[in-house]
Amino acid sequence: RASSIDAKMAREADDATRLRLKEMVRPHVDSFDWFLGPGLAEIIAGLEPQEFAPGDGVRVRVWIDSITLGEPVDSGAQATGGRTALRSTLYPSDCRRAGGSYRVPMQIKVRRQVSEDGGAAGSTSVRDFQRQFGHMPIMVCSKRCVLSGLRGGELIAHTEEQNEVGGYFICNGNERAIRLLLVPKRNHILGIVRDAFRNRGADFTSYAMVMRCVGADQTSLTVGLHLLASGSARLRITISKNEYFLPVVLLLRAMSVCTDEQIFDAVTGGDAADAFVADRVLVAIQELSDFGVPLWSQEQCRAYLGNRFRSVLRLPDRLSDEQLGVALLRRHVLVHLSERVGLDDLAPKWELLVLMLQRLYWLAAGRIAEDNPDSLVNQELLLPGHLWAMIFKERLGQYLNGVVKEMENQYTRKRPPPDLKEDKLFSQALSTSSSRNDPGMHLDYFLATGNLRSESGLDLQQMAGFTIVAERLNYFRFLAHFRSVHRGAFFTTLRTTTVRKLLPDQWGFICPVHTPDGSPCGLLSHLAAPCQAATEVPSRFELKRYLSPKLLGYGALLLPLTARLPVRLYLPLLLDGEVIGKVHVDVAAAVADALRHLKTSVDEEEGCPKPLRVAVRTLEVVHVGLGGACRAAGLYIFSNPARPLRHVRNLKYNRVETISPFEQTTLLIAYGSEDLRKGEQSHCELSPSAMLSLIASLTPFCDFNQSPRNMYQCQMGKQTMAIPFHAPHRSDTKSYHVLTPQSPIVRNRNYDLYGFDDYALGTNAVVAVISYTGYDMEDAMIINKASYDRGFCHGSVRLTKTIDLNHLHRRGEKPRFRFSNVVPHDVAKTDKGRPFERRLGPDGLPEVGQRLNELDPLCVILDEVTGRHTVKLYKSAETAIVEEVRLVGGDPTNASAPLPRVFIKLREMRNPVPGDKFSSRHGQKGVLSRLWAAEDMPFCESGLSPDILFNPHGFPSRMTIGMLLESMAGKAGALHGIRQDATPFQFSEQHRAVDFFGEQLRAAGYAYHGTESMYSGVYGTEMEVQIFLGVVYYQRLRHMVSDKHQVRAKGPINPLTRQPVHGRKVHGGIRLGEMERDALLAHGVAFLVQDRLLRCSDEAKALVCTKCGSLLAPMMLPPRTVGVQQPSRSTYCRECADGAHVDVLTIPYVFQYLTNELAAMNIKTTIKTHSVASG
């Protein structure tokens, strides 16, 4: 019974760990699940039907009725070693082993409507066509994945990790993830002041109001309202990457039936005495009279817009100008307020456009401050599922357009024209368009390359860098891919540092430590460990219906009753970018507080529909009052997805509340209980370390270290040799494995909560801080040879070599190659069936366990047509062991067909050698300088010799006090047999860490500060000073000298300059630059410089005329034979017509090449020479 209870507790702990790991990738998986469910329905509903009208009253209308996704099945293209069934369930591990892609089949249902006689009753026929629509890549562990819902043991049975959480795609055998990007906050007005806006036109100013509008299907269109010097304004819209500027009053009149007085009162907010705004509104109203056409009524304005944009919108010719104008307003202006029901109701867009115009004038007048687009307050995350939906919708639109165009081409090309009701005609158009606009192939290309091919640009600022390889160098690196947030490839080219700054509003959402050094610094950040992204996509209309009566009860006023309320006393009330009412400045704070109470108690609310509970719980309630930071005042409510969220404690209601970055700037949040002051703070942090990312939170005692060292550890922790995975039969191109991992004695809470012991990445080492020899200078370190012999930090590298026979024959050619090591009978009649290469097996492949050296045969390929064998060689200088040979591919319907692809997994032993890189968990990286004999190592009174000797000069400048504390804590933990908690911010001046661990050491009979007397291993004498000795968890990094050493005496050269080529892989040379030359000259080794730059580089013998100084004129005459003497050659100068002064000179060949280049430019080079007397 005790064992069963223990097993149950272990399963529960494993399930809890997996749930926490799933939270790390939840933005990826949940957003893709939304796409597979409601997102796909929204995309299909948002696609406009395509029409084709050849004339005579006939009209063909085509639209997509539904798209169905199947289950992942193996149709044979990815069959592995043992033959699989023709249609069997496909698991992600099958794709990894076979180098395939994890996809599901798609079926599309297209509806065609043919109308005759203008669509009169009884003359319309509708027909459905269902077709296979290619394959769509599927995210691992999404609800369409077969792993969804499986637990630890079930995952292991399918050769997956016990804690597999997914969040990535498998494309050609590689695990690829879509990275999170920061984009402007959706449906939120931003005031921008930018000098570049003046380049839009002659009358444009630097002021603009910008809004990124996102619809229900997550597609976005950004609009900008620009101020003109005259006082009017232009709304910028984008159609197919082309920008158009529309007069704002023209749009207001087209959206609603309104008079000039109503526009004037709405924009001025009832304050006609405001001369700054009033004068400019009058100019904007009066400018329409200069257009030369009457634009007074709503119909006239809509018809004017439709007439101007008819060729751009690409809508049927049968639509009137007014209908086209409505379509323009619905499809390209403030699209987040577009409804599929009641298309003519544009009142919400009218209200929002008026608010944008008000704030544009206030921004120009200096009444409100400009917004910072680089602040997280004005940003959100572009989730993978939403980006996927944007790409898929555009491809579906191109597919529909291609169907109609193909029908039109066939109708106009054939004589007589075919009957448009024929199924054959439409089926052919479907097939042709599907082959040209296959969404699955486009998504495969997008995943494999990260490049986006789009006609519209999808309202994004970059076209590349969307996907990354989710490499499993170790588990730190793997998880970090899903928590990384990139600002965008566009910003990497900017020379300003504004976008890289760490701003206060990022607290708790973006980790201040976890960012790389170098060019990506500040652009590539990581989410804090508790931070999540909102993934629920609630119905804005359902949420509005639920919140409206509550807002009225709290004291807010809703439209249309608030149209003429003065803006000085009433703040606008916006719900997801829609103006739904106003609230008096005196009650706005109370309304916001009531909404916060609703957020924290919605689970107890009986009247809230269940689908809306998550949306209400994560509402973003922001009250910006008048004055203060001069931000645009208002009461903002956001429920949309992709917002960064985190939890804090609401002190008033003593409940956990979810807040956003925008919301955080309006709250008073205490850092901890010691910072609480009665009546001042409204919220309190749940944990002091909640600001750190998952990787940064694993650094022990990081609050005692210098900040850059914590940043370095975040990078080096992801470069450590560890246990990257447990699942067998993976085809990773390269993976690093440490053979002797250990569980750290000193660890943080998150280390246990997320189960990192299953993927340990280091070794507990006894470290003595001592300057023992000259081999430990400049971050070098000494390792005990006895520790090395016991397996300290031993590791291996596993490489997978792929040989694909399909690449050897042309497309369409019958397969003629196979793996075979047996000479065909018709070739070797005397020696029947003898092996072609004796070191390989009969199948032409190496045996498992075979040792391969450089230039040993790797495999033998037989050409069945010519009977010739081709041997592939193992070309690495490292000795490797064959660990696995796996044949994949082939035809599942033919069991005797040869398998065309082989994966050969090799294992190279990489035990530590001088030059390999190591690091502690505090950014103290160093290079192994020497393996020191155990008998010569210093030892303490108990006879213990340390594993590592660390130079004490590494501490003062780096200020890594956390490493000293870890040494004390590790020593105390080893003596008492306990694990030490190194979570940051748990010690203070009143409760000091050194005292806490010092007492543990004293209780074990050791010195309070962890020092010991040590004896020289060479002389046996006691050292005069106490040596700091403890246990530190050390990591071995993947940077090994075996991969980076570069030695060359002779090798390939550049044929143009005759200098050594660059690159280690091609056996090139190392460049000796100007700084290296200066350093050598400063040391007085000029002949070494000559040897490096001349003799070992491009030394050449050249003819020079000492009379005219020319390098180009001297030449060698043809050989002449005089009598019986050997032929001799003489020199001749073509410029001097004499050879007496020609001599041989040793020069760099590149100088001779330069002389030729200058001569081609009519520049003569002359060399002055003089003879040097010998001896």
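**View 1. The largest cavity of this predicted model holds about 70 Å³ of space.** A cavity here is a set of points on a 1 Å grid over the protein atoms alone, where a 1.4 Å probe fits but cannot get out. Its volume is the space filled by probe spheres set on the points, which are joined across faces, edges and corners. Lining residues, those with an atom within 4 Å of a point, include Phe476, Leu698, Tyr751 and Arg921. By class, the lining divides into six nonpolar residues, two polar and one charged. Nonpolar covers Ala, Val, Leu, Ile, Met, Phe, Trp, Tyr, Cys and Pro; charged covers Asp, Glu, Lys and Arg; the others, Gly among them, are polar. A search of the whole structure finds six cavities of 30 Å³ or more.

A word on the model: it is predicted, so local features need pLDDT of at least 70 and side-chain atom pairs pLDDT 80 or more, while totals for chains, interfaces and linings use all residues. Residues are numbered from 1 along each chain as its sequence is written, and side-chain values use heavy atoms, without hydrogens and water.

**View 2. Five strands form an open antiparallel sheet.** Their order is S29-S33-S39-S38-S35. Strands are DSSP runs (E, at least two residues), numbered from the N terminus, and two of them pair if DSSP finds at least two bridges between them. At the edges, strand S29 (734–738) and strand S35 (851–852) each pair on one side only. Look next at S38 (residues 880–888) and S39 (residues 901–909), joined by seven bridges. Arg886 has Phe903 of S39 as its bridge partner.

**View 3. Lys241 and Ala642 both have a positive phi without being glycine.** For Lys241, phi is about 70°, and the residue sits in the loop between strand S13 (233–239) and strand S14 (242–247). Ala642 has a phi near 75° and lies between strand S24 (634–638) and strand S25 (644–650), also in a loop. Which of the two is buried? Ala642 is, with a relative accessible area of 0%, whereas Lys241 is partly exposed at 47%. Buried means under 20%, exposed over 50% and partly exposed in between, using a 1.4 Å probe and protein chains only.

**View 4. A cis peptide bond runs from Leu559 to Pro560.** Its omega is near 5°. Pro560 belongs to the loop between strand S20 (557–558) and strand S21 (570–575).

Notes
Helix = DSSP H or I, 4+ residues; strand = E, 2+ residues; numbered from the N terminus. 1 Å grid on protein atoms, 1.4 Å probe; cavity = no way out; pocket = protein on both sides within 12 Å on 5 of 7 lines; lining within 4 Å.
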